[in-house]
Amino acid sequence: MTLNQQRKLKTILTGLFAWTIALVLFFPIFWMFITSFKTELQAISIPPTLFFEPNLDNFRVVQERSDYIQHAWNSVVTSFGSTILALIIAIPAAYSMAFFPGKRTKDILLWMLSTKMLPAVGVLVPIYILCRDYGLLDTKTALVIIFTLMNLPIIVWMLFSYFKDLPKEILEAARMDGATPWDEVVKVVLPLSVGAISSTALLSIVLCWNEAFWSLNLTASDAAPLTAMIASYSSPEGLFWAKLSAASTLACAPIVIFGWFCQKQLVQGLTFGAVK
Amino acid sequence: MKRSITRLLMAPSVILLLVWMIIPLSMTIYFSTIRFNLLYPGENNFVGLMNFEFFITDPGFIPAVSNTLILLLSVLIITVVLGVMLSALIDKPFFGQGIVRVLLISPFFIMPTVNALIWKNMMMNPVYGIFAWISQSLGLEPIDWLSSYPLMSVIIMVSWQWLPFAILVFVTALQSQDTEQKEAAQMDGATGWHIFRYLTIPHLARPIAVVVMIETIFLLAVFAEIFVSTGGGPGYDSTNLAYLIYNQALLQYDVGVASAGGLFAVLLANIVAFFLIRAVGKNLTV
């Protein structure tokens with residue numbers, strides 16, 4: 001075999017291998033998707049049915065039973081709302097830590113991350129009682145506040161890792177030209193960090209959309225996002241796999257499709273601090 | 001810039017997180033020292049450390065602590081080891097790389113509740129599931145995953161969610177590896193294993209640290225997968241601390257004991273954080 005042939009064979013083998021892993025890992029999602037178009041009988045047939053006449057009945061039933069649109073709207077409002085709020089709070093903090101580090105900057109950052117290690121169950125009861133006393137149970141407001149605080153440490157940390165690597169000379173040059181601190185942020189730092197901010201926002205949106213602990217425990221019907229809607233299908237509909245799949249597909253489709261378009265950006269964001 | 005302005009910029013984040021930490025935590029500490037059962041309102045007298053004693057002597061306590069740690073370590077090992085190996089293997093150009101990336105990352109976007117429902121029903125069901133069908137086709141006895149291997153089932157579900165995340169972070173990191181260095185090593189007669197061991201692994205130290213840190217945060221608090229799939233059972237076989245405390249608070253209405261448990265969970269998280277973050281912390285950009 002010549003070197004060229006050898007190289008070609010290697011490429012083909014790598015490709016085959018990569019495709020196999022990808023298809024195996026994706027299979028459960030694929031299976032959920034096609035099951036949602038089956039009848040209940042087809043859904044549980046053994047051997048599994050691969051070829052069948054797709055029908056949309058399950059989706060109709062799900063919308064009728066649990067008002068999908070309402071829950072999806074709750075998910076959108078809570079995840080986008082809290083992400084925007086968290087960014088507004090986090091950007092100034094990350095900026096000041098990255099460009100004007102003090103003696104205790106490192107400690108503050110580690111402390112922030114450590115609040116994230118605080119398990120939610122540890123504070124479930126107090127938060128539940130506070131929400132009850134202030135009439136915030138089953139409201140989107142409560143979820144937005146909690147999601148904001150929940151993701152704040154990760155957002156500050158990701159933005160900090162990125163800001164820290166921005167060349168300081170640019171800022172100094174701007175300052176020489178008489179830029180005020182406000183100009184510095186708005187005209188220099190922000191335009192340079194559009195990519196970083198959007199990947200941070202993406203991660204935060206994904207985490208909020210899929211957050212299940214607080215949404216299961218603090219909402220009932222009005223403010224329940226899609227995670228809570230799906231949980232309501234877990235026991236009574238446990239044996240109706242086609243309807244279950246339809247509900248699951250509907251719950252995941254928006255964020256999965258959103259994620260497909262942004263995956264590159266998202267992963268790059270996560271590796272800011274990781275790749276040198 | 002003046003120190004006061006930098007402080008002012010940090011203030012909102014720091015104050016909010018302080019409030020978020022201190023208010024609920026001090027309430028939890030207070031609740032953990034009183035009798036507080038929602039079924040018996042009004043009898044909130046001080047009981048000292050009795051709630052802690054109750055929680056620690058609960059038959060679910062030891063299993064819950066060990067399950068929490070087993071779950072954390074297994075998923076970390078599976079995702080990091082498999083993640084590094086797989087990403088090193090697919091880190092070469094091949095046909096349809098873009099589509100493979102998209103397929104690979106997908107499980108990361110699936111919500112934990114749906115994740116658990118798919119695996120519990122369509123994959124692991126002992127009669128109608130895909131696994132059962134595969135075993136039958138091979139002439140084997142189908143396994144009832146959730147009742148025979150409950151903790152392992154949860155580990156599979158959680159790993160499925162986090163493995164793609166690890167692979168993609170590592171692949172992205174590998175793309176920044178110096179190819180000239182690799183070629184030079186090859187010229188000098190280094191084997192594939194040597195390149196992997198002495199060039200690739202050190203290059204991945206930081207991404208591994210990041211993956212370990214992010215995963216630890218989420219793995220200590222695994223809840224939805226257990227809630228939806230095994231319900232912590234059979235017995236306490238798949239109950240972790242988060243689920244045990246949830247059980248105390250919302251199913252047995254015993255807020256006092258649940259708060260004591262919550263404090264214990266905070267303590268455990270801090271111990272894990274101390275060791276783990278110290279171990280990988282050198283590699284974090286802080």
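Biologist: What percentage of the 286 residues of chain B count as buried?

Modeller: First, a heads-up: this is a predicted model, where local features need pLDDT of at least 70 and side-chain atom pairs count only at pLDDT 80 or more, while totals for chains, interfaces and linings use all residues. Residues are numbered from 1 along each chain as its sequence is written, and chains are lettered from A and ligands numbered from 1 in the order in which they are written. A residue is buried if 20 or more other C-beta atoms lie within 10 Å of its own, exposed if 12 or fewer, and partly exposed in between, with C-beta atoms placed from the backbone. Among the 286 residues of chain B, the buried part is 46%.

Biologist: How far apart are the end C-alpha atoms of helix H8 of chain B?

Modeller: The expected span of a helix is 1.5 Å times one less than its number of residues. H8(B) covers residues 150-174, which is 25 residues, so it should span 36 Å. The model agrees with that, as the end C-alpha atoms are 35 Å apart.

Biologist: And where does H8(B) bend?

Modeller: The bend at a residue is the angle between axes fitted to the seven residues ending there and the seven starting there. In H8(B) that angle is about 30°, and Pro164(B) follows within four residues. The spot is Trp160(B).

Biologist: Does Val158(B) count as buried or exposed?

Modeller: Val158(B) lies in H8(B), a helix with 21 of its 25 residues buried, so it is largely enclosed by the rest of the structure. Two residues are in contact if their C-beta atoms, placed from the backbone, lie within 7 Å. Leaving aside neighbours within four places in sequence, Val158(B) is in contact with Leu71(B), Val75(B), Leu219(B), Val222(B) and Glu225(B). Because it has 25 C-beta neighbours inside 10 Å, Val158(B) counts as buried.

Biologist: What is the handedness of the crossing of H3(B) and H11(B)?

Modeller: H3(B) (residues 61-89) and H11(B) (residues 205-219) pack at an angle of about 145°, with their axes 10 Å apart. Axes are lines fitted to C-alpha atoms, for helices over the stretch in contact, and angles run from 0 to 180 degrees between N-to-C directions. A crossing is left-handed if the near helix is turned anticlockwise from the far one by less than a right angle, and right-handed if clockwise. This one is right-handed.

Biologist: Which helix gives the largest share of the side of chain A that touches chain B?

Modeller: The contact takes 81 residues from chain A and 80 residues from chain B. Several helices of chain A each supply at least two residues, among them H4 (68-99) and H13 (241-270). The largest share, 16 residues, comes from H1(A).

Biologist: Last one: what is the phi of Asp138(A)?

Modeller: Most residues other than glycine have a negative phi. Asp138(A) lies in the loop between H6 and H7 of chain A, and with 16 C-beta neighbours inside 10 Å it counts as partly exposed. Although Asp138(A) is not a glycine, its phi is positive, at about 60°.
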